[in-house]
Every structure is written in structure tokens, then in C-alpha cells.
Amino acid sequence: MIKKILTHWTFAFVTLFALTWIGLKDPQIKEILRLKSFDLYLQSEDKQISQDIHVVSIDEKAIEKYGQWPWNRAVLGDVINQLREKGAGIIVLPILFSEEDRLGGDEDLANYLYQNGVIIAQVGTNQINKNAVPRGVAKIGDPLDWLFEWNGMLGPIPILGENADGVGVTNTAPEIDGVTRRIPLLMKIGDEVYPSMAIEVIRVAVGAPSYQVKAGEGGIIAMRVPGFTTIKTDANARIWLRWNKGYITTSIADLETSEVRLNNKTVIVGMTAEGIGGIIATPVGERYAHELTASTLSTVLDGKNIERIDILFLIELAVAFLAGCVIIILTRFTPYYIVGLAMVFSSVATIVYSNLLFKQSSMLVDPSWILITILFVGLHSIFNRFILEFRLKQQIRKQFEKYLDPRQVAILVKNPEKLKLGGDRKEMSFLFMDIVGFTPISEYYKNNDDPEGLVTVINDYLNRMSKIVLKNGGTIDKYMGDCIMAFWNAPLDCPNHAEMAVKTGIECARETENIKKEFKEKGLPDINIGSGVNTGTCIVGNMGSENRLDYSVVGDAVNLAARLEAATRNYKDEKGKVTPLIYSSYTKEQLKDIKSIELDKIKVKGKEELVTIYKPKI
């Protein structure tokens, strides 16, 4: 019973419901799969050189020129001066100046920072709160509960923090797998709000004193720098980073000699020398810390934010559930190739459509759970169907291997639909065959106290005749002592069933002649057979009880064949030999290649009209 339940085609719905329930719970594995699928979108974007941002790097060449890091901060002041001479716009120094310069360059750097469009860094930390530089925020709703929070903020020393035009936070917010895909534009310590480096760049560029942020019941909706376009964020004030830009990079060591013109571009100072540049995991591989600042700023400036609408989570689950239902139903009622095509088509359509949404609308759609549902539900459905078909084939083989020719059994096993279980009305031909004069043979073995010998003779006779029946496409219904009952045109179709039944009777008569010769040589009594064949409509199918079934036939046409077999004793030739085969006019009407001789018109039990009987003309 349990096996039947577990392998029933509807049990695949259990898998579908389980996957949907897991999807609703959104476990870590599902979240990671979702994020990895988003990575593929981000990696697929075409790369362009940014027209808004230029990078100058503190690389190995710069270290050789200016010496071991950290440099005298006056050097950085000189770098700012050189950038101004080359036409730089906002200058970003994502470097933490939390301690005084031991080389005494703080005052020089402060002079270059003052009202010079320079942004420096601060960082959120759980260890210390020192020199933090908050920024005022105009709030619509209550955004504070949704912002990323640290226990403290480590900012620049006062002389630098007070002279810089902006101080931005450089913290990242890695996802569950340690990869940074989103950057918070705002974060907090207590009730104080702190902007990210990219937002400070925009604020300083437009000359705004603070920010505006709007929150609803589900979290933060958007933020805005007055004078700049509204920026849509997620509930935690994060934006997805794009990696579709490359940045022209110049070594600080080459600034004096380089002919590069910055044309009011934002310049980000990046640290790439070995041992001083921070490395961060991103969807496109490991990147230096300053590249995240560049990517954040570039994403905001382009105004094409990547979106992930909350309701998509439920839509994706609904699509996965619907696809699973379709796969289960198709697996139950259609051929395997249809199921395979449906699985491939739905998977490809999911991938193509989700990619299309990203390309055209910058919308992140997660195809992973839909694909997993299609795969697991499809495999489960196919497995259940395979098991059911395998059991059916085993049942067919077990039920018919003793009654059909092996070639017919192979056809049924390959095409179980040819076997219709239960009763079916069908025109067929029936053969009853019996030994005539069995009593003398039985008496012979009884007198010789050899019952085993009688069994051997009967089995040999049944074996020979059965081979002829099976060779001619007949189905052996049953053995009744020395009698064989067989039929044609079920379970496999046999268009010339009457011809094959009569042909079988003729061949069995010839084989009996061979048996007679063998009996004569052994000194055994003579043996003859009588066969009756009739053609007509009957009910054929699995019949019996719940515990035992038999594939058989019932009907008047079957009974007439049995009575014709019994009537063979009444018709003998001039030598007194029993007519070995009699068939009815119903059979004779369908014979094409076999000539017939009319024997008689007889009345049979249960019929008022006379039945014309024939024997073959051999």
C-alpha cells in the first residue's frame, strides 16, 4: 500500500508542496543561490570606460617615488594641488586619517583640503567612537530602524575633518556568502546618520548642506540629495552596484609628467600597492576598496539603479509552483518527449525572460528556485511514471509469458497501451482442442502402474500443440486436463484471426500424425485429436476476484467453439477416422486461403437456428 502511494503520479505534488514551503522559508541555501544568479546578470553587462570618474593610484611605482607608506601628508596635499591643476572635479581620498601624521604634514594637508572639493574617509566600527562627522538628514517617516548600525565611528582627526568639504563612510555590507553586492548609502550610530563616500561626493558637488530620506512601513523607500535626482534604495538604504564601467587610471608617480586632462571628472585616489590596498570580494571577482567607491558613485550618477521589488519573491514562487503543476500533469498524460520539451522550454523561457527584464528594466529576477522546482518535480514525476510503467510491464510479462509467444509478450511490454485491462467487447476466433480416445491411453498406463508415464505423454502433447498455437499468434487461455483453449485477436490485434485459428487446427492435426507414429513405435494405443473453431463477438479482459485475476474470454461464441470440438467425434471418414477439425460458418466466412468442405447443419444448445459446420479441404 505504501509503495503504491509513494509511486502514484500525484505524489509528485508532495515534492512540489515541500519545495514551495522551503521557498517560503527562504533558507540560506536559497538566498545564496539567488545571489549567485544575480551575479551572472552583473557579470553579463557590457563594459564601458567611465566618462565621469578617473582613478589615480598609490601603486608600486608611487611607493618607489615617494617612499614607504604612510607618506608625509604634505605629499597628499601636493597630489591634490596637481589634480586641481589638471582640471579635477571632486577629489576623493578614501583614506582614514584617524591619527596625527608622525611626519607633521597634517597642517599642510588641511590647507589643501579647505574649500577645495575634497572628500576624506571615516569608518564604522564596534571598537571605538572617535572624531565621527555626522551629517544632518531631513526625514520623512522613521528611517532609523532600517539603517545599518555600528557601535562607533572612527573619523579623521579634527584638523582634517573640519577642513574637508565632506567625510564619507567607506564600510561595505557583504552578503551572506561574504560577497559585496550592495552598498548602504546611509548608516547610523544611535540617532546620528552618516552618509557613504559616494553620497558625500554628490552632496559636495551640488553644494547641498544635508540629505532627505523617505521611509514607509516596509523600510526605506528612497533618498535624495537636494539638487540631484531621487535615488531609489532597498529597505535598508542599500543600492545594488553595477560593474559595467572601467576607469582610466594614472599612477600618482606620473601626475607631474602626464598630459592627462581631467575635465572636471571626479578623481578617486586608490591604494593598489602590495600590502596597503584593501581587497574586497565582489560578483566580478576581488576588487580594491576604492573600486567599490567608484562603482557606487558611477551607479548613482548613471541613474539606472538595479531594482529588486519585494513582491518578486512571491511571484517567483507562484511561477515555480505553476510550472511544477504543469510538469506533473504533462508527465501523467503525455509522452516522455513532451515532458522533456516542456521542462527545457520552461527552463529556457525562465532564463531568457529574467535576463530580458534585467537588460531592459534593470530588474533582478531570481530564476534559480523556478529551475530547481522544474528539475526536482520533473525528475520525481518521471521517476514515478517509470516505476509505474515498469511494474505494469512486469505484470504483463508475468501474466502473459506462459500464454503468448515471446514476440507477442515483447510487443505488449513495449506498448502496454495495447493491453486494455478490464472487459472489452471484441470479435475473435476461438479454438478448443482435446484428445479423442484418451481413455485407452489412460488405461494402458494404469495397467502398467505407470501414472508418471501418462503425465509425460500429456505434457509432451500439450507442449507440442502449445508451440503451434503460440507460433501462429494465439493466446492460450487455459489447460483443462488434456484440453487446450486458445483465442486470437486479443490482447494483440490479429486481423486474420479466423485464418490463423483454422491454420493452427490443421497444423495440430498434422503434428498429431507424427505423435501417432511415435506411439505406434512404442507400442502405445492410438491417439487422435478433435478441434473446434468458431468466430464471433465476446467479452475479453481480466476477470476474477480481487486476489486472483485471469485474462480470459466469455460469450456464446466461445461456448459454440467448445461444442464444435465435442462434435468432432460424430464425424468420421470412410476409414472410421475422427474428423480432427470442425469450424462454423461464422469462421468460414472470413477464410481467404483455406478451402472448406461442408459437413452438416447442426443444432447446438442455446440456439434455435441450425449452424452450418465445415472441415478444411486438405
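**Briefing: cavity, pocket, strands and backbone features**

The largest cavity is lined by Ala509, Thr512, Glu513, Lys516, Asn528, Ile529, Lys577, Val578 and Pro580. The elements that contribute two or more residues to this lining are helix H16 (497-522) and strand E22 (528-544). This is a predicted model, in which local features need pLDDT of at least 70 and side-chain atom pairs count only at pLDDT 80 or more, while totals for chains, interfaces and linings use all residues. Residues are numbered from 1 along each chain as its sequence is written, and side-chain values use heavy atoms, with hydrogens and water left out.

**Enclosed space**

- Rolling a probe the size of a water molecule over the atoms shows where empty space is left.
- On a 1 Å grid over the protein atoms alone, a cavity is a set of points where a 1.4 Å probe fits but cannot get out, a pocket is an open set with protein on both sides within 12 Å along at least five of seven lines, and lining residues have an atom within 4 Å of a point.
- Grid points are joined across faces, edges and corners, and a volume is the space filled by probe spheres set on the points.
- Two cavities of 30 Å³ or more are found in a search of the whole structure, and the largest cavity has a volume of about 60 Å³.
- H16 supplies the largest share of the lining of the largest cavity, four residues; helices (H or I, at least four residues) and strands (E, at least two) are DSSP runs, numbered from the N terminus.
- The lining of the largest cavity divides into four nonpolar, two polar and three charged residues, where Ala, Val, Leu, Ile, Met, Phe, Trp, Tyr, Cys and Pro count as nonpolar, Asp, Glu, Lys and Arg as charged, and the others, Gly among them, as polar.

**The largest pocket**

- The largest pocket holds about 730 Å³ of space.
- Its lining comprises 26 residues, of which Asp234, Ala235, Arg308, Ile309 and Asp310 lie nearest the centre of the pocket.
- Helix H3 (28-44), strand E12 (219-224) and strand E14 (238-240) are the elements that give two or more residues to the lining of the largest pocket.
- By residue class, the lining of the largest pocket consists of eleven nonpolar, five polar and ten charged residues.

- Strand E16 (residues 266-271) is mostly covered, with six of its six residues buried; buried means under 20% relative accessible area, exposed over 50%, and partly exposed in between (1.4 Å probe, protein chains only).
- In a regular strand the side chains alternate between the two faces of the sheet.
- In E16, Thr266, Ile268 and Gly270 point one way, Val267, Val269 and Met271 point the other way, and all are buried.
- Strand E1 (residues 48-58) pairs with E16 in the parallel sense over six bridges; two strands pair if DSSP finds at least two bridges between them.
- Isoleucine 53 has threonine 266 as its bridge partner in E16.
- Strand E2 (residues 91-96) also pairs with E16 in the parallel sense, over two bridges, and isoleucine 91 has valine 267 as its bridge partner in E16.

**The E5-E9-E10 sheet**

- Three strands form an open sheet of mixed pairing in the order E5-E9-E10.
- Strand E5 (148-149) and strand E10 (192-195) are the edge strands, each pairing on one side only.
- E5 and strand E9 (residues 186-189) run parallel and are joined by two bridges; glutamate 149 stands opposite lysine 188 in E9.

**Serine 298**

- Serine 298 is placed in helix H9 (residues 289-302) and counts as buried because its relative accessibility is 5%.
- Residues up to four places away in sequence not being counted, serine 298 touches Ile53, Lys245 and Tyr247, contact meaning heavy atoms within 4.5 Å.

**Backbone features in loops**

- The peptide bond from tryptophan 69 to proline 70 is cis, with omega near 0°, and proline 70 lies in the loop between helix H4 (60-66) and helix H5 (73-85).
- A cis peptide bond, with omega near 0°, also links alanine 490 to proline 491; proline 491 is in the loop between strand E21 (483-488) and H16.
- Glutamine 115, a residue other than glycine, has a positive phi near 50°, lies in the loop between helix H6 (106-113) and strand E3 (118-125), and counts as exposed because its relative accessibility is 60%.
- Serine 362 has a positive phi of about 55° although it is not a glycine.
- Serine 362 lies in the loop between helix H11 (336-361) and helix H12 (368-400), and counts as buried at 9% relative accessibility.
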